[in-house]
Amino acid sequence: MTPRQRRMALVAGIVVGVGVAGTLALRAFRENVMFYFDPTQVATGQVKAGQRFRLGGMVVKGSLERTPGTLDVRFVVTDFRSTVPVTYAQVLPNLFKEGAGVVAHGRLNDSGVFVADEVLAKHDEKYMPPEVARSLKQANATPPPPAGAQ
């Protein structure tokens, strides 16, 4: 093999290696991306059962149900057009409350109930997660005024 052929083989090996590494990185990125959906998108069937995603909206007042003796809770999330029931089996954040914005991470089960792995609540009375605010705005609904606002 001449020196030129060796260099060409080395360059070809490097190009193939970079291509394989890039392909593996893109594949891993796609598997770890978690998309955001609002209740209307979930209700219209844009999400498959078992697919991981983030669900955002407002917690419907009067929908919070706790199972006595366990950490299990059920509540309903709305974007003022559609609703999605949610179950969660861990401790809710201190700032979680009915009528407030929430983003939950998890999966939709076969019966259309969102099974949350994590629930995030707003961190002060003026903040709303950007995705929730955007979906509520698209629903032509105005979020309720912050607690204590006049």
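Leu 10, Ile 14 and Val 18 make a nonpolar surface patch of about 300 Å², where a patch consists of residues with over 30% relative accessible area and no salt bridge, like charges being joined within 9 Å and nonpolar side chains (Val, Leu, Ile, Met, Phe, Trp, Tyr) within 5 Å. A salt bridge here is a side-chain nitrogen of Lys or Arg within 4 Å of a carboxyl oxygen of Asp or Glu, and accessible areas come from the Shrake-Rupley method with a 1.4 Å probe, with only the protein chains shown counting as cover for residues. The model is predicted, with local features requiring pLDDT of at least 70 and side-chain atom pairs pLDDT 80 or more, while totals for chains, interfaces and linings use all residues. Residues are numbered from 1 along each chain as its sequence is written, and side-chain values use heavy atoms, leaving out hydrogens and water.

| Partner of β2 | Sense | Bridges |
|---|---|---|
| β1 (residues 35-37) | parallel | 3 bridges |
| β6 (residues 101-108) | antiparallel | 7 bridges |
| β4 | antiparallel | 2 bridges |

Individual residues locate these pairings along the chain. Phe 37 stands opposite Leu 55 in β2, the bridge partner of Phe 53 in β6 is Gly 106, and Val 59 has Val 77 as its bridge partner in β4.

Strand β4 (residues 73-78) also contains Thr 78, which is buried, with a relative accessible area of 9%. The side chain of Thr 78 reaches the backbone oxygen of Ser 82 at 2.9 Å.

The loop between β2 and β3 (65-66) holds Gly 62, a residue that is exposed, with a relative accessible area of 65%. The C-alpha atom of Gly 62 is separated by 9.0 Å from that of Val 76, and these two residues are 14 residues apart along the chain.

Key. Helix = DSSP H or I, 4+ residues; strand = E, 2+ residues; numbered from the N terminus. Buried < 20%, exposed > 50% of the residue type's maximum accessible area, 1.4 Å probe, protein only. Polar contact = N/O pair within 3.5 Å; in protein donor to acceptor, adjacent residues only side chain to side chain. Pairing = 2+ DSSP bridges.
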